[in-house]
Structure formats: structure tokens, C-alpha cells
Amino acid sequence: MFKKYNVVVVGAGHAGCEAAAAAANLGSSVLLITMNMGVIAQMSCNPAIGGVAKGQIVREIDAMGGYTGIIADKSTIQFRMLNLSKGPAMWSPRTQNDRMRFAEEWRLQLEALPTLDMWQDTVKEVIVKNGKACGVITSLGIEIEADAVVLTNGTFLNGVIHIGEKKFGGGRTGEKAATGLTEQLVSLGFESGRMKTGTPPRIDGRSLNYALMEEQWGDDNRGKFSYTDVPLPTEQRCCWITYTNDKVHEMLKTGFERSPMFTGRIKGLGPRYCPSIEDKINRFAERERHQIFVEPEGWNTVEIYVNGFSTSLPEDVQQKALRLIPGFENAKMYRPGYAIEYDFFPPMQLDLTLETLIVKHLFFAGQINGTTGYEEAAAQGFIAGINAHQRINDDKELILKRSESYIGVLIDDLVTKGTDEPYRMFTSRAEHRLLLRQDNADIRLTPIAHKLGLVGDDRLNKVNEKIKNSDNIIQYLKQNSTTVDKMNPILEEVGSSLISQKTKLVNLLGRPQININDLAKGDVDFGSYLNQFDKETIEQAEIKVKYESYFEKEMEIVNRMKKMEDREINPDFDYSSLVSLSIEARQKLAQVKPRTLGQASRISGVSPSDISVLMVHMS
């Protein structure tokens, strides 16, 4: 019935879609298997993409030829650049999206790939022969041969949904759980665990009183995720902010004795930085209120996502507590919030390519690795799809370094350190975040993608043009001066000290109070010169000038670390023979099998003295 495929991808969430597309775009024949073709790339929780650090990941995926940024731009209903009051390392794009259009655009994008097929079914087993994955068996008893298999099962592996004292099997509300696969993988020697995540109730927006809430509009000068020329909607939708209060908290507490979280029925750990509302009022009892973001689910639907009110309390308690929030006095609930427990596989069982250490040609990506978030899942899927294709063609694998991408930080953290709670990306996890900004993801990563064949010459040429033009702007700033009469009115307006003589434009731009638009406003010749460049090129030049000394110091650190990061370790190295290493170090090193000395230095339990022993031995 089925031909043999190069790559089979199991699961059509954010990780699965990126994995399937990446492998197909590299030339592999791909079969994407999903339990329900009606909910491909479903935004199971918040209908939003990006945010702090997550927005950087999406721009990196886009810079390398992935689709999440393009789909987000096509389905956006609101765009905001977060943290603009901070330095550029913290600027993070975020979109509110139309949930239905996001899934539709992904479906259309996948259907446009000629070497990608889809099949609706449940995978029960991975076919393993001689220690290598070579296909899957579905619930219909169909055996499908493949050269490589990518598992992106999300929250479906033995998923259990909790609402108060009620619990039932499911991978998502209204959809059944996937069974059998965890048990098979454990029988092959994999270690599994349980994690938990949750979602808030959905509300009929017609029943809300928005006059009692604060409006939250998107940016007037709207940006986007994709570096391609994606047409954007001409309008944006408003979101709103409201707050809980003591009455809400007291009502929620009446359901604690029936809460699956507090009664111990939920064993899995939930995301630390995205707690349920009951967890918030329990852990932060001193706080009088918590922020609630009221977010539309799309352009035309009246359904509302109540961001900040994730809960698994009984549905009657949810309804009563909601109606005590300002603006929610007459709220009608479409569906209650719930928690879901599911199986995951600790990611220290993976190589940096996301191929498993136990079974060759088998790759894991997304929540199966213990992460949370669409963006983290999409990034892993993208890398797993690339490496599945590269592996079966004996081509060079793709491993992104920590110093060149947030994706590299994400995967290195998972594989090297592991996680026992849902992993979420933050800017603080990246030690070189000043270099890993959202504005330069194309400069960092598009050349790499071009070498792989994921992006064409046109995109590489566009990046090179951006670099050349931003350097030209910097040269103009260094070579040209402005006068007292042109700039002092502007300097006075922004509260910066006045100049007494002609001054180089680059020196003025170095002042914290001055931006490049201020210079263009005061010096008309410079303003006229800038008109030939696009917004991103101008922004790139300004950031380079303002933070040049910081970038130089950061690059010095990266170059110092490069020796360790480039020092490769034989994957078959016998650590048990080095008695000078601590027992814990020997165990951890043997488990992780680090690729380099740099990776070895980040393993928990491996001390600097252990690294010194390794260095001496390798020398």
C-alpha cells in the first residue's frame, strides 16, 4: 500500500510540521502521520507566536528556511516588539494569531511540497532492526518502511486530562491519547518520565464587558517574523488586560480540596514559569492580584483565550471565579481549563543532532524531549528533520553552536544538562545573547542554511546586501559631521548635552539619548541619504554603532571558548579507564557522550578539575 519513504514523521504539531517540511525541502520523500488531519499545527494553548527569547527562535527558524515565521505573519492579528525599553538583546517579536488561519496556512504549505505525503493514523510501534529505526507500524496494522523516523508526539503519549476530580485519557481536549509507543521504547532501553502542562478556559467574547478592562493595541510601526516579503494584514485587533482580586482568589481556594494538583493525582511536574492560577495564589499568597490577558482567538471568531488563568480546578469553581474578575461578570464559558499529564523521554538520551543514542536513525523532537512551547518544539523539529535527511544520505550533520543561535542553546541544554520539568527558553539561558539578537538571525544563520540547500541564492544575496548597506551607513556616520544649528535643537529636545562645534554623526549616535531617526530629523542631508535603505538595514547599522565595544568583548569571550568547543572527543571514548576522574564525572560523561570538550564542561556533575584531567589525557 505504501512505498518506502526516506523519512517518516510521527505527529503533525509544530515540531512535526517543521521536521517534515525541512526533510522534504532537502529532497527526502517524507510521510507525515497524524492522528487527525483536521488539526495539523494546532495551537493547543495560546494562539500566539514568539515572545521573550521565543521570538528570537522563530526568526532563526525563518532565517534558515523554516516556515513558522511565515505562517505566523500570514495569520497575525496583532504584532508587538517586546522589551523595546531595554537593549536590543532583549527585543523580542510576538504575534497574536488567528488560530484557525494558522493551522490552515500550515496545511496549505505542507500540501505545496511535492515530496511530502500525509496519512491519518496512530503509530503504535517503531520498527527496529539491528539497532536502527526502519519504519513504523500503525494502529491499522500497516507497516510503513522508512530510512529514518522522527517522533514528535507532543502531549499524546499516554495523555491523561484532569479537570477537578475528573480524569480521562486524551492528548488534547476532544482527542484520544496515543498508547503503546512509550511501552515499546522503554522495552528498547529508553527511560521515560511524566510531565504536566495546562490551559485556561475559553470564553464567549460577547459576554465580556471590555469597558472595565485596559486596551492593549499592537505596535503602530509593525514588524514581522519573516525575512521574506510576506504580505501583512493592514489592520490589527485589540487585546485587553484585567486583573484578579481577593474575591477571585478566595473562590479559587474553595476548589483546592478537589484540585488534582494539590491532592497528588497529578504526578508530573508542570512548567515553573507558566504556573496555573491556583499555583500562583498558593505560592504567591502575598500578592493581591494577578494580571489576566484577554486575547481574541482570531479575526472573526468571538472565542477568547484567558491568558494567565490556566487551571485544572473543577469547572464550577472556574466559572464562579471567572465571574469575579472585572469585565467577566457575565462570562459564558465555551470549555473549561484543564491539565494534561503525558510521557516524555529525558533528552540526555539524545545526540546533539537529536538522534537517539540507543536506536540509530530515530529522532525525537518537541515535547517528547521535555520542552514546552510551540517555538521550542518547532526549532527541534526543524533540526531533527534536517539531520534525519543528512543521516540517511551520509551528509554532514547540522549542529548549531551556543554562540551562534538560541536553537543551539536549546538543544545543547537539553542534551547536555537534561530537564526534569518542562523546559522553556529565556534570554538568560544564552550566555552570548548580545550576539544572538532577533535583528541579526539572518546574518548568523542564512549562510549556513544556504550551504545545506535550504535557502536559495536570492535569500543569501539579500543578507549580503543588508550587511553591505549597513556598513555603508556606518561609514557615512564616521565620515560626515553635522553642525550646531542643525543638531542642538534636537539634542535639547531629547535632553542630551549640546554641541559647540561640528561633530561627527557617529559620535552623536553613541549617546544613549540619541537614535538614528533623531540624527536624520536634525541633519536633512543624512535623512535624505537614509531614505534609500529599508528599516532593518538602518536598525542593523544603529545597533552596531551603539554596541560596538560590547560586541567586541563578547566575541573575545566566544573566541577564547572556541578552543574547547572545537576540541572533539571520540564518541567511543572509555571514561571508566580514567580513574583520575570523579565517579560521578565518569558516569555522566559515559551517559551523555559529549561531542566536544566544551560540551563536557557543561554537564552537571563534571567539575573543572575533571575537565583538566580530560585535557591532559587528550593532549
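This report describes selected strands, helices and side-chain arrangements in a predicted model.

At one of the paired positions, histidine 162 has lysine 167 in E11 as its bridge partner.

Antiparallel pairing also links strand E15 (residues 239-243) with strand E16 (residues 291-296). Threonine 242 stands opposite isoleucine 292, which belongs to E16. E16 is in turn joined to strand E17 (residues 303-307), again running antiparallel. Here proline 296 has isoleucine 304 in E17 as its bridge partner. E16 and E17 make up a hairpin, with six residues between the two strands.

| Strand pair | Bridges | Sense |
|---|---|---|
| E15 and E16 | four bridges | antiparallel |
| E16 and E17 | four bridges | antiparallel |

**Helices H6 and H8**

Two packed helices are described by the angle between their axes and the distance between the axes. For H6 and helix H8 (residues 315-322), the angle is about 170° and the axes are 9 Å apart. An angle over 145 degrees counts as roughly antiparallel, and H6 and H8 are therefore roughly antiparallel to each other. Where they meet, H6 contributes Val248, Met251 and Leu252, while H8 contributes Val317, Lys320 and Ala321.

Which residues does phenylalanine 262 contact, leaving aside its neighbours within four places in sequence? They are Phe256, Glu278, Asp279 and Asn282. Phenylalanine 262 has a relative accessibility of 31%, so this residue counts as partly exposed. Alanine 178 is 84 residues apart from phenylalanine 262 along the chain, and their C-alpha atoms are separated by 26 Å.

**Aromatic side chains**

Across the whole structure, a search finds 13 aromatic pairs. One of them is formed by tyrosine 547 and tyrosine 550, with 6.1 Å centre to centre and 50° between the planes. Planes under 30 degrees apart count as stacked and those over 60 as edge-to-face, with the rest tilted; the pair of tyrosine 547 and tyrosine 550 is tilted.

Elsewhere, ring pairs link four residues into a cluster: Tyr476, Phe526, Tyr529 and Phe533.

Aromatic rings also take part in arrangements with arginine. The face of tyrosine 227 has arginine 59 lying over it, at 4.0 Å from the ring centre. Arginine 429 is placed likewise over the face of tyrosine 423, at 4.1 Å from the ring centre.

Technical notes:
Residues numbered from 1 in each chain as written. Predicted model: local features only at pLDDT ≥ 70, side-chain atom pairs only at ≥ 80, totals over all residues. Heavy atoms only, no water. Phe/Tyr/Trp six-rings, centres within 6.5 Å; stacked < 30°, edge-to-face > 60°. Lys NZ or Arg CZ within 6 Å of the ring centre and 35° of its normal. Buried < 20%, exposed > 50% of the residue type's maximum accessible area, 1.4 Å probe, protein only. Contact = heavy atoms within 4.5 Å. Pairing = 2+ DSSP bridges. Axes fitted to C-alpha atoms, helices over the stretch in contact; angles between N-to-C directions. Parallel < 35°, antiparallel > 145°, perpendicular 65-115°, else oblique.
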